[in-house]
Amino acid sequence: MNKDSFLGEMGLPPDPAETSPVLIIPYMWIGDFVRGHTVVRVLKERWPNRPVDLLTTSLCAPLVDYMPGVRRGIVWDLPRGRLALAKQWALAKQFREAGYGTALVMPRTWKSAIAPALAAIPQRTGFVGEVRFGLINDWRWGERAMPRFIDKNATLALPANAPLPKTEWPVPQLMVPADQVAAWRAANGLGTSAAIALAPGSVGASKRWTYYAEIARMFTERGLNVWVVGGPGEKTIAADIVRAGGPCVRDLTGTDLRNGIMAMAAAKLVISNDSGLMHIAAAIGTPTMGIFGPTSPYHWMPLNGLAATVKRPTDLPCQPCHRPICTANDHHCMRDIPASDVVNIAQDVMTRAAANAPA
């Protein structure tokens with residue numbers, strides 16, 4: 001199914017004269033938020049005069065600044081686990097004032113559809129899920145048959161075990177201006193030397209590969225700088241990586257996602273677990289390596305023509321399990337990926353990137 005049929009299935013006929021704004025309520029996990037930007041790109045291709053806004057959390061908000069086609073992000077942190085009706089009413093008031101003609105409610109939860117319904121947005125499109133009758137008025141069925149939110153359209157018809165096709169230098173999905181990257185380097189005293197960014201964090205311990213300190217040492221021995229990116233939860237592992245790699249390793253973890261965005265835009269290569277930062281790096285257009293164990297690279301690979309996925313040579317019977325903690329094989333799906341393999345693959349990715357880089 002191509003992109004045009006995707007929007008056709010959503011009941012949105014092409015109309016170049018249409019100017020009513022569109023609201024997108026995406027998934028709020030970082031990786032899903034980034035991958036969902038494909039919807040923005042498709043909307044703008046078919047209705048270039050319709051402003052597109054995104055509801056976002058404070059955590060994801062910095063990403064909106066680098067998403068082409070997005071007019072603005074509406075930052076609104078709804079609490080998890082409770083209705084928060086007063087906050088829903090206040091959010092609906094903003095929606096009414098913006099005059100949205102269409103709301104695309106991507107999560108299949110009833111809570112995500114409350115504010116658009118309270119705002120009486122005329123067309124509230126979403127997939128069938130939970131108890132949303134009356135909240136969604138433009139139902140869509142067959143979510144599993146729809147294309148995944150990816151830009152590699154050529155891969156949609158491939159069987160799950162087919163090798164991915166070779167592609168040219170990718171068109172970045174997130175546009176990070178070069179002058180901002182240069183200013184960030186200068187502000188952090190990072191000069192202009194090449195660096196590899198490591199993203200050792202993830203949601204769920206089972207997705208965390210444990211040999212980042214070892215590869216940091218191997219990269220610095222080859223004359224490369226190493227930057228560790230992630231949130232405050234990665235401070236401990238970042239300290240271990242700095243100790244292993246020495247003065248050529250910098251800890252850039254912290255609470256500001258924008259810092260990680262800039263680091264990955266400036267890096268020569270990003271090596272990451274299956275995480276939101278992996279998807280950000282791929283969307284920026286930086287050569288990206290994703291290390292996979294309990295999750296499926298076919299479904300969650302970094303979507304970038306200069307990307308690589310790394311996993312053990314043969315699958316264990318329990319793979320993929322998608323469990324946050326290993327309960328079956330003592331984490332062998334990740335422990336059996338040696339550091340030397342990752343470094344060798346990294347070298348190959350950087351060689352291909354240099355050969356395919358635009359002049």
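Author: Let's begin with Trp139, which is partly exposed, its relative accessible area being 21%. Keep in mind that this is a predicted model.
Reader: OK, and which ring does Trp139 pair with?
Author: With Phe133, in a tilted pair: the centres are 5.0 Å apart and the planes make 45°. Phe133 itself counts as exposed, at 64% relative accessibility.
Reader: What about Trp209 and Tyr212, what kind of pair do they form?
Author: Edge-to-face, with 80° between the planes and 5.1 Å centre to centre.
Reader: Are those two buried or exposed?
Author: Trp209 and Tyr212 are both buried. Ring pairs also bring in Tyr211, giving a cluster of Trp209, Tyr211 and Tyr212.
Reader: How many aromatic pairs does the structure hold?
Author: There are 5 aromatic pairs.
Reader: And which ring does the charged end of Arg50 sit over?
Author: The ring of Trp47, 6.0 Å from its centre.
Reader: Switching to backbone. Where's the cis peptide bond?
Author: Between Gln319 and Pro320, with omega at about -15°. Pro320 is in the loop that runs between β12 (307-310) and α13 (332-335).
Reader: Which non-glycine residues have positive phi?
Author: His322, with phi near 60°, and Asp330, at about 55°. His322 is in the loop between β12 and α13, and Asp330 lies in the loop between β12 and α13 too.
Reader: How accessible are they?
Author: His322 is partly exposed because its relative accessibility is 46%. Asp330, with a relative accessible area of 54%, is exposed.

Definitions and conventions
Residues are numbered from 1 along each chain as its sequence is written. This is a predicted model: local features need pLDDT of at least 70, side-chain atom pairs count only at pLDDT 80 or more; totals for chains, interfaces and linings use all residues. Side-chain values use heavy atoms; hydrogens and water are left out. Helices (H or I, at least four residues) and strands (E, at least two) are DSSP runs, numbered from the N terminus. Buried means under 20% relative accessible area, exposed over 50%, partly exposed in between (1.4 Å probe, protein chains only). Rings of Phe, Tyr and Trp (its six-membered ring) pair if their centres lie within 6.5 Å; planes under 30 degrees apart count as stacked, over 60 as edge-to-face and the rest as tilted. A charge sits over a ring if NZ of Lys or CZ of Arg is within 6 Å of the ring centre and within 35 degrees of the ring normal.
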